[in-house]
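Here is a short tour of the model for you. Have the viewer open as you read, and let us begin with one of the metal sites.

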Protein chains: 2
Amino acid sequence: MGVKRKTKSVELMLETFGQSKNALTVVDLVKRFEGKMNKTTVYRVLERLEDEGKLHSFTGKDGLKWVAKCHGCISSNHTDDHPHFQCNDCGISQCLSLDISIPKVANHKIESANFLFFGQCEQCLNSYSE
Amino acid sequence: MGVKRKTKSVELMLETFGQSKNALTVVDLVKRFEGKMNKTTVYRVLERLEDEGKLHSFTGKDGLKWVAKCHGCISSNHTDDHPHFQCNDCGISQCLSLDISIPKVANHKIESANFLFFGQCEQCLNSYSE
DNA sequence: TTTGTTAATGCACCTAAGTTGCATTATATT
DNA sequence: AATATAATGCAACTTAGGTGCATTAACAAA
Ligand SMILES: [Mn+2]
Ligand SMILES: [Mn+2]
Ligand SMILES: [Zn+2]
Ligand SMILES: [Zn+2]
């Protein structure tokens, strides 16, 4: 590859995420763009946007790949190393603006960490009290 | 299903884990038992042993399923809710005997968590200083 | 505006983890 | 030994994700 080009697909993908802190599964994105963007293109556009520091991804409980917007990352360094939350009731997944300190582990050098929390999201909690 | 029976496969599987805190991928287990136990049986035996609280599993960075021995769990309650470690160099994965407190998250009810750490394991650290 | 270069895309096909249905075999009970 | 059924093997399936290659679209140069 040489110089990156602006394309409809890339813009469309970024618009889809907007400024939301909610994550989307790649599977969902593929469905969402059916007829408009090929499955392969979805994967390639996501890979590109991750490289560019505009999106980041994590693996959910189910093993599926989830993608979300980056806030303040640059191409050479993903700085938003935050935990993620997955709702046991409605299944949504979102980024948490929360700092978690990585503990010391004897005889190990820890370089990074994945934190995944499970429970009920705001919307699901509210729907109980109606 | 009715009353569980003792079988060679179940014993063999438990022996394989021994008392180690190292986890094994299901993929590895399938390879390991090639010719002795069918892939399907591996998956079913693992499912059974998880139900019985003798093994537990987690999803690795790669999305693969890892399995490890439980210490002090019973059928109705998996109590060993601990973090896991994956070595970036040699690829091994292991259970960490480490208590991590689950933080409060505004407008969310957190019920459980997955912690996955990445870095260098003891063996890999030592091999550098040789 | 037209032309040339090549990045981006679509499409068909592939890979591999994990699952399912069903016939056969092994274990436990009488 | 005869019976009941849990466990297993096997083949076929499902699905997330990836690859190779021909075609198309973006962009710069003429
Ligand atoms: Mn995030
Ligand atoms: Mn463990
Ligand atoms: Zn919810
Ligand atoms: Zn290691």
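In this predicted model, the zinc ion (ligand 3) is held by the SG atoms of Cys87(A), Cys90(A), Cys121(A) and Cys124(A), which lie 2.2 to 2.4 Å from it. The angles among the four donor atoms run from 105 to 115 degrees, so the arrangement is tetrahedral.

**Zinc sites**

- Along the sequence, the donor residues of the zinc ion (ligand 3) follow the spacing C-x2-C-x30-C-x2-C.
- Distant parts of the chain are linked here: Cys87(A) belongs to strand S4 (residues 84–87) of chain A, while Cys121(A), 34 residues apart from it, sits in the loop between S6 and helix H4 (122–128) of chain A.
- In chain B, the zinc ion (ligand 4) is coordinated at 2.2 to 2.4 Å by the SG atoms of Cys87(B), Cys90(B), Cys121(B) and Cys124(B).
- The site of the zinc ion (ligand 4) is tetrahedral too, with angles of 105 to 116 degrees among its four donor atoms.
- The donors of the zinc ion (ligand 4) are spaced C-x2-C-x30-C-x2-C in sequence.
- At this site Cys87(B) in strand S4 (residues 84–87) of chain B and Cys124(B) in helix H4 (residues 122–128) of chain B are 37 residues apart, and the pair links distant parts of the chain.

- Strand S4 of chain A supplies His84(A) and strand S5 (residues 93–95) of chain A supplies Cys95(A), a pair 11 residues apart that links distant parts of the chain.

**Fold of chain A**

- Chain A contains four helices and six strands, arranged along the sequence as α-β-α-α-β-β-β-β-β-α.
- The C-alpha trace of chain A spans about 50 × 45 × 25 Å along its principal axes.

**How the two chains pair**

**The largest pocket**

- The largest pocket holds about 1,100 Å³ of space.
- Its lining comprises 37 residues, and those nearest the centre are Thr59(A), Asn114(A), Phe115(A), Leu116(A) and Leu116(B).
- Strands S2 (55–59) and S6 (109–120) of chain A, and strands S2 (55–59) and S6 (109–120) of chain B, each supply at least two residues of this lining.
- Sorted by class, the lining has 18 polar, 10 nonpolar and nine charged residues.

Terms used
Residues are numbered from 1 along each chain as its sequence is written. Chains are lettered from A and ligands numbered from 1 in the order in which they are written. This is a predicted model: local features need pLDDT of at least 70, side-chain atom pairs count only at pLDDT 80 or more; totals for chains, interfaces and linings use all residues. Side-chain values use heavy atoms; hydrogens and water are left out. On a 1 Å grid over the protein atoms alone, a cavity is a set of points where a 1.4 Å probe fits but cannot get out, and a pocket is an open set with protein on both sides within 12 Å along at least five of seven lines; lining residues have an atom within 4 Å of a point. Grid points are joined across faces, edges and corners, and a volume is the space filled by probe spheres set on the points. Ala, Val, Leu, Ile, Met, Phe, Trp, Tyr, Cys and Pro count as nonpolar, Asp, Glu, Lys and Arg as charged, and the others, Gly among them, as polar. Donors are N, O and S atoms within 2.8 Å of the metal (3.2 Å for Na, K and Ca); water is not among the atoms, so sites may look incomplete. Four donors count as tetrahedral if all angles lie between 85 and 135 degrees; four count as square planar and six as octahedral if opposite donors are over 155 degrees apart and all others between 65 and 115; anything else is irregular.
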